[in-house]
Amino acid sequence: MRLTFLGTGTSTGVPTLGCHCAVCRSSDPHDQRTRPSLLLEYDGRVVVIDTSPDFRQQALRQELRRLDAVVFTHDHADHILGLDDVRVFYFRQKVPIPIYADERTMASIRRVYKYIFDQDYPYGGLAKLDPHLIDGPFELWGAELVPLPIFHGDLPVLGFRFGRCAYLTDFSSIPDPTLPLLEGLDVLILDALRHKPHPSHSTVEQSLAWVDRLKPERAFFTHIAHELSHEATNATLPPQVRLAYDGLSLDV
Ligand SMILES: [Zn+2]
Ligand SMILES: [Zn+2]
């Protein structure tokens, strides 16, 4: 399986609109971060985790030729507002695009994208989606995805484990029953917003503590704000931990 970081930025993206800080003005392409999303490619299948508002640009950058499914972690704007753009893959493939979400997130997606679910938009050009509720591990073309309940502030959201990799975007705490599901990882991808504490995101220091505790072979930080310079921050991290960046691919 090949994993590609479609986006590694926090909800505002980096550069942040109107900001003239050193990271927002940086000429290092690693400091340009679109909204968070992960691409999984295996056996000719293409699955994305979350459709950020930058999904279209991300799909152009990665030259996505097809899309087989979308899996959602939660319903915040930076994770769902690109969903309309999956319609071109529906037009090409002529099969409704399967989407997977827990009950709360699916209800939210149905509300935001009411025009897609009702198919009552008289101007044409509508996606067709095939909704599936996540209520336990599920299989997508031979790959098992295990939902990982975590907390984003007080909001219950999902991470996912696939094989020996796990993706935990947007979290501030990991409840005890989820911890055994994070054992024996080759790759752990996790939220590390910035250094300053935040009520609903893990910081660099907190995420380093999770890496110490969970002991994955490698860890990649994502959902990164403009407080963190790619190069300067990487220089402070242990060698098995790196900031991810847009377009980074890992064969796992
Ligand atoms: Zn987010
Ligand atoms: Zn800035």
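Trainee: Which residues coordinate the zinc ion (ligand 1)?
Mentor: The zinc ion (ligand 1) is held by Asp78 (OD), His79 (NE2), Asp170 (OD) and His223 (NE2), at 2.1 to 2.2 Å. Donors here are N, O and S atoms within 2.8 Å of the metal (3.2 Å for Na, K and Ca), and water is not among the atoms, so sites may look incomplete. Bear in mind that this is a predicted model, where local features need pLDDT of at least 70 and side-chain atom pairs count only at pLDDT 80 or more, while totals for chains, interfaces and linings use all residues. Residues are numbered from 1 along each chain as its sequence is written, chains are lettered from A and ligands numbered from 1 in the order in which they are written, and side-chain values use heavy atoms, with hydrogens and water left out.

Trainee: Why is the arrangement around the zinc ion (ligand 1) irregular?
Mentor: Its four donor atoms subtend angles of 88 to 164°, which makes it irregular. Four donors count as tetrahedral if all angles lie between 85 and 135 degrees; four count as square planar and six as octahedral if opposite donors are over 155 degrees apart and all others between 65 and 115; anything else is irregular.

Trainee: And what spacing do the donors follow along the chain?
Mentor: The pattern is D-H-x90-D-x52-H. Aspartate 78 in helix α2 (residues 77-80) and histidine 223 in the loop between β12 and α7 (230-234) are 145 residues apart, so that pair links distant parts of the chain.

Trainee: Is histidine 223 buried or exposed?
Mentor: Buried, at 0% relative accessibility. Buried means under 20% relative accessible area, exposed over 50%, partly exposed in between (1.4 Å probe, protein chains only). Aspartate 78 is buried too, at 7%.

Trainee: New topic: what order do the strands of the open sheet have?
Mentor: The seven strands go β7-β8-β9-β10-β11-β12-β13, with mixed pairing. Helices (H or I, at least four residues) and strands (E, at least two) are DSSP runs, numbered from the N terminus, and two strands pair if DSSP finds at least two bridges between them.

Trainee: How many residues of strand β9 are buried?
Mentor: Seven of the eight, so β9 (residues 155-162) is largely enclosed by the rest of the structure.

Trainee: How do β8 and β9 pair?
Mentor: They are antiparallel, over seven bridges. They form a hairpin with two residues between them, and glycine 153 in the turn has a positive phi of about 65°.
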